[in-house]
Amino acid sequence: MTFDLHPRLAADTTVLGDLPLCRVLLSKEALGPWLILVPRRENLTEIHHLSTDEQIQLIKESSAIAQLLEQDYKADKINVGALGNLVPQLHIHHIARFRNDVTWPAPIWGNTSGKQREPEIQEALMEELCAELAHIDGFTQL
């Protein structure tokens, strides 16, 4: 079975690795950290299109990512969302929010400048997150 990442997701993120169901991406936007889970299934647009077992696996993986962001980054709130209005491929955002971030308490969407992290900062955050993700069962760094 092949799996292709939507071109917009590919352009806006760095691939960190795979969990049993999902590819783990790091947004390049200078906010967060902001991780995105993408189930590795072709032509998937909605959570309810997954099998029951895959839905359960998605919740497990999503919860593990949210817990990592909360504990390791001391986030004030974890925003989790699957919008898909611009990118139809099912993807679930996990954003560490802080009371002092640029849009707090407003939502992220439509309220940021879209500024991306400098490449060296993105690389350092990627390495840091991969070290933490390695503690989650089934994570494989790519």
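Which residues lie nearest the centre of the largest pocket? In this predicted model, select Arg 8, Asp 12, Trp 34, His 93 and Trp 109, which hold that position among the 23 residues of the lining. The space in this pocket comes to about 520 Å³.

Next, colour the lining by residue class: 11 residues are polar, 8 nonpolar and 4 charged. Then display α1 (7–12) and β3, each of which supplies at least two lining residues. The greatest contribution is that of α1, with 3 residues.

From the pocket, turn to the sheet. Select its 6 strands and follow them in the order β4-β5-β3-β2-β1-β6; the sheet is open and its pairing antiparallel. At the edges stand β4 (77–81) and β6 (140–141); each has a single partner strand, so one side of each lacks a neighbour in the sheet.

Within the sheet, select residues 22–27 and 34–39. These are strands β2 and β3, which run antiparallel and are joined by 5 bridges. For one point of reference in this pair, centre the view on Leu 26, whose bridge partner in β3 is Leu 35.

Finally, select residues 52–73 to show helix α2, which lies across β2, β3, β4 and β5 (92–97). Viewed against β5, helix α2 runs at about 20°.

Terms used. Residues are numbered from 1 along each chain as its sequence is written. This is a predicted model: local features need pLDDT of at least 70, side-chain atom pairs count only at pLDDT 80 or more; totals for chains, interfaces and linings use all residues. Side-chain values use heavy atoms; hydrogens and water are left out. Two strands pair if DSSP finds at least two bridges between them. Helices (H or I, at least four residues) and strands (E, at least two) are DSSP runs, numbered from the N terminus. Contact means heavy atoms within 4.5 Å. Axes are lines fitted to C-alpha atoms, for helices over the stretch in contact, and angles run from 0 to 180 degrees between N-to-C directions. On a 1 Å grid over the protein atoms alone, a cavity is a set of points where a 1.4 Å probe fits but cannot get out, and a pocket is an open set with protein on both sides within 12 Å along at least five of seven lines; lining residues have an atom within 4 Å of a point. Grid points are joined across faces, edges and corners, and a volume is the space filled by probe spheres set on the points. Ala, Val, Leu, Ile, Met, Phe, Trp, Tyr, Cys and Pro count as nonpolar, Asp, Glu, Lys and Arg as charged, and the others, Gly among them, as polar.
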